[in-house]
Amino acid sequence: MNIDAIGNCILDESRSDGDLRSALDAFAALCAEVSDIHPDPGFSAWAGDTLLDTGVAINPHAAAHCVMDYQRSVTYIRGVYAALVELRQRFPGETIEVLYAGCGPYATLLLPLLARFQPGDLSVQMLDIHQRSLDSVHKLLTHMGFGHRAITTLQADACRYQHPGKLHLVIAETMQKSLEQEPQVAVTANLAPQLTPGGIFIPQAIEVSLWLTPSPIRQADDATAKQKLRQPMDPGYRLATVFTLLPSQIANKLNTAQCDARSCPTVLDPVTVLIPPLASLKQLTPTLITQITVFEDFTLGNYESEITLPMPCHGLPDLTEGDQLRVSYQLGSYPRFDYELVARTDCG
């Protein structure tokens, strides 16, 4: 299957899940053969990762493995294509300037789409902090016949990169579930203000909510969770939205972020959540659940992707009715959510 056929299959919403998986497997195999970078699921290995002061940039082999997160890849590719079509309507006659930040070794979210556009339609900057990923992208572009397109590569930190011209589209998917570890927030805060008016940032929104979920989820590892993709499940009880990442707002939020008095990390949007009276409370686990709006109707919900798997809130005591839990998003070299029991009501 060539790159045109792969792209056509992914964009065809009538195709079965099996067809889509086969297309993405073919894409990964093609990219691995050309670049000699093979998908590696060993996210916890850390070897080759780049540790930034804003989060962890995973290594090229781990980034390549993201292709195998099928629903995630399909939804993002379709969302990117819909955004490009929309931008060509918003800016008729203009070359659409695209920045793909954290493109990885396969440029997965854009490469299957290039054949659908004429050479003058797009001007693309592929950005990654790992030169090996960029070398891989260059090989793939040449092999697939896109070497003559207006596509350049640049080694840089997306958290600090300043584009010399205007940008119509920014693609930045640099995250793990519940916005932990990777620098999605910092990347968005830096790049979103660089969009031209009317431009589009992908993803459009990321919402993390606090739930009380049935306790078996406490033992569920990623392998188990992946088997449950798209299967009905009892989500439990939704308590509150604890953080929403909107490209249009995040830069201002960072400018007004507070320093936490306990350990002095920078924290965003602290939320105090009241634990409700539930008869089944002892059987429920506080859990973060992520929802992603890639573009308009292209969304990823709970269990639909590795980056939307529920994440139990570790390190908390057993909660009781009336407890007040302070939840905040903590920036730094390992971004994550922080929890603090700030008040406990004595109901006895």
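Colleague: How much space lies in the second largest cavity?

Modeller: About 40 Å³. Keep in mind that this is a predicted model.

Colleague: OK, and which residues line the second largest cavity?

Modeller: That lining is made of L114, Q118, P119, L122, R149 and I151. Sorted by class, four of them are nonpolar, one is polar and one is charged.

Colleague: How many cavities of 30 Å³ or more does the structure hold?

Modeller: Two. The largest cavity has about 460 Å³ of space.

Colleague: Which residues are closest to the centre of the largest cavity?

Modeller: G102, C103, G104, E173 and T174, out of the 33 residues that line the largest cavity.

Colleague: And which elements give two or more residues to the lining of the largest cavity?

Modeller: Look for β2 (55-57), α4 (70-90) and β4 (122-128). The largest share comes from α4, with three residues.

Colleague: What does the lining of the largest cavity look like by class?

Modeller: You get 22 nonpolar residues there, plus six polar and five charged ones.

Colleague: Switching topic: how many helices and strands does the protein chain have?

Modeller: Eight helices and 16 strands.

Colleague: What percentage of the residues in the protein chain is buried?

Modeller: Buried residues are 52% of the 348 in the chain.

Colleague: What about the accessible surface of the protein chain?

Modeller: The accessible surface is about 15,100 Å², and 49% of that belongs to carbon and sulfur atoms.

Colleague: Last one: which share of the contacts with a separation of 6 or more comes from residues 24 or more positions apart?

Modeller: In this protein chain, 78% of those contacts.

Methods. Residues are numbered from 1 along each chain as its sequence is written. This is a predicted model: local features need pLDDT of at least 70, side-chain atom pairs count only at pLDDT 80 or more; totals for chains, interfaces and linings use all residues. Side-chain values use heavy atoms; hydrogens and water are left out. On a 1 Å grid over the protein atoms alone, a cavity is a set of points where a 1.4 Å probe fits but cannot get out, and a pocket is an open set with protein on both sides within 12 Å along at least five of seven lines; lining residues have an atom within 4 Å of a point. Grid points are joined across faces, edges and corners, and a volume is the space filled by probe spheres set on the points. Helices (H or I, at least four residues) and strands (E, at least two) are DSSP runs, numbered from the N terminus. Ala, Val, Leu, Ile, Met, Phe, Trp, Tyr, Cys and Pro count as nonpolar, Asp, Glu, Lys and Arg as charged, and the others, Gly among them, as polar. Buried means under 20% relative accessible area, exposed over 50%, partly exposed in between (1.4 Å probe, protein chains only). Contact means heavy atoms within 4.5 Å. Accessible areas come from the Shrake-Rupley method with a 1.4 Å probe; for residues, only the protein chains shown count as cover.
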